Amino acid sequence: MVYTIPATEATDAVVPAGKLELTVDNARDVLKQVDDPELGVNIVDLGLIYEIHIRDEKNVQVIMTLTTPFCPVGPSIKQQISQVISRELDGVGKVDVQFTFNPPWDKDMMSEDAKAELGIF
């Protein structure tokens, strides 16, 4: 008896165990592992992530802000972002994190969960 296994579409990429497919949604999800060390809340729920782009099917660009332009943890957060994206997502080439302060961050950008965690109503 011969069994035929149907071909899968190109979108059904085989991803190594433990890694997620490289998509914008998955990148945003794994960035929830990165906390702002001063506030103890993840940078996604804080509203610090403005844009995520995948270029050339492997390079990830993250455009984000910080709670203040002179935030001393910027370099640390940038490094953590690069590490978590490279570790958790399959096929990542280069990770480019860019800071912008336009528009400036304010508490209205936070998720309801982050506001509740910080006691902001």
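I'll start with Asp45. Leaving aside neighbours within four places in sequence, Asp45 is in contact with Lys32, Met109, Met110, Ser111 and Ala114. Keep in mind that this is a predicted model.

Where does Asp45 lie? In the loop between strand 2, residues 41–42, and strand 3, residues 49–55. Asp45 is buried, yet has no salt bridge. Why no salt bridge? The nearest side chain of opposite charge is Lys32, at 4.4 Å. A salt bridge needs the side-chain nitrogen within 4 Å of a carboxyl oxygen.

Now the core. The largest nonpolar core has 29 residues. Which residues have the most contacts inside it? Leu31, Ile49, Val62, Met64, Ile77, Ile81 and Ile85. Helix 2 gives the most, with four residues.

Take Met64 from that list. Not counting residues up to four places away in sequence, Met64 touches Leu48, Ile49, Tyr50, Ile77, Ile81, Val97, Gln98, Phe99 and Thr100. Ile49, Ile77 and Ile81 are also among the residues with the most contacts inside the core.

Last stop, Pro103. Pro103 is found in the loop between strand 5 and helix 3, residues 112–118. Pro103 counts as partly exposed, because its relative accessibility is 40%. Beyond four places in sequence, Pro103 touches Tyr50 and Met109. Thr65 is 38 residues from Pro103 along the chain, and their C-alpha atoms are separated by 8.5 Å.

One link to finish. Met109 touches Pro103, and Met109 is also in contact with Asp45.

Notes. Residues are numbered from 1 along each chain as its sequence is written. This is a predicted model: local features need pLDDT of at least 70, side-chain atom pairs count only at pLDDT 80 or more; totals for chains, interfaces and linings use all residues. Side-chain values use heavy atoms; hydrogens and water are left out. Helices (H or I, at least four residues) and strands (E, at least two) are DSSP runs, numbered from the N terminus. Buried means under 20% relative accessible area, exposed over 50%, partly exposed in between (1.4 Å probe, protein chains only). Lys and Arg count as positive and Asp and Glu as negative; His and the chain ends are not counted. Contact means heavy atoms within 4.5 Å. A nonpolar core is a set of buried Ala, Val, Leu, Ile, Met, Phe, Trp, Tyr and Cys residues joined through side-chain atoms within 4.5 Å.
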